[in-house]
Amino acid sequence: MAPGPVLVIGLDPVRIPGWDPEPVVAAIARGQARFEAHGIEADLCLVVPDDTAEAAIVEALTRKPYACVVVGGGIRKHEPLLELFEQVVNLVRQHAPGAAIAFNSTPEDTADAALRWLR
């Protein structure tokens with residue numbers, strides 16, 4: 001039996017100005033492939049840190065029940081995004097209270113982060 005679905009919340013590398021998104025896009029694709037290899041359904045919610053983030057996250061969290069929500073390092077590790085990180089954690093608590101919360105190190109190890117809580 002496959003574990004329940006996972007939601008990955010992270011920054012949208014294509015919509016962040018001023019840098020080359022291709023390496024991150026490729027890493028996200030490799031991370032998604034790892035979910036597929038484990039037979040885990042994983043949805044992405046990629047946002048920009050602006051006024052649209054909260055609505056996009058709430059929409060994703062309420063789309064279906066998730067067993068785990070992984071919050072990406074782009075949101076967690078960049079100090080100017082501390083308030084967004086807090087908002088994400090509290091939105092998960094509010095809209096997906098039964099979901100485990102996990103944190104990845106890179107887009108490629110996102111499945112590993114979720115698997116720590118799905119076993």
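Reader: Is E108 buried, exposed or partly exposed?
Author: This is a predicted model, in which local features need pLDDT of at least 70 and side-chain atom pairs count only at pLDDT 80 or more, while totals for chains, interfaces and linings use all residues. Residues are numbered from 1 along each chain as its sequence is written, and side-chain values use heavy atoms, without hydrogens and water. Buried means under 20% relative accessible area, exposed over 50% and partly exposed in between, with a 1.4 Å probe and protein chains only. E108 has a relative accessible area of 32%, so the residue is partly exposed.

Reader: With which residue does E108 form a salt bridge?
Author: A salt bridge is a side-chain nitrogen of Lys or Arg within 4 Å of a carboxyl oxygen of Asp or Glu. For E108 the closest N and O atoms of the pair are 2.3 Å apart, and the partner is R30.
The pair links distant parts of the chain, 78 residues apart: E108 lies in the loop between β4 and α5 (110-118), and R30 in helix α1 (residues 22-37). Helices (H or I, at least four residues) and strands (E, at least two) are DSSP runs numbered from the N terminus, and the helix holding R30 is α1.

Reader: Which residue forms a salt bridge with R34?
Author: The closest N and O atoms of this pair are 2.8 Å apart, and the partner of R34 is D112. R34 in helix α1 and D112 in helix α5 are 78 residues apart. R34 is partly exposed at 30% relative accessibility. At 31%, partly exposed too is D112.

Reader: How are the planes of F85 and F103 arranged?
Author: Rings of Phe, Tyr and Trp (its six-membered ring) pair if their centres lie within 6.5 Å; planes under 30 degrees apart count as stacked, over 60 as edge-to-face and the rest as tilted. A search of the whole structure finds 1 aromatic pair. F85 and F103 are 5.9 Å apart centre to centre with 70° between the planes, which is edge-to-face.

Reader: Why does the pair of F85 and F103 tie together parts that are apart in sequence?
Author: F103 is partly exposed at 33% relative accessibility. F85 lies in helix α4 (residues 82-95) and F103 in strand β4 (residues 100-103), so the pair ties together parts separated by 18 residues.

Reader: Within what arc do the buried residues of α4 fall?
Author: The buried residues of α4 are L84, F85, V88, L91 and V92. The arc is that of the directions from the helix axis to the C-beta atoms. These buried residues line one face of the helix, because seen down the axis of α4 they fall within an arc of 125°.
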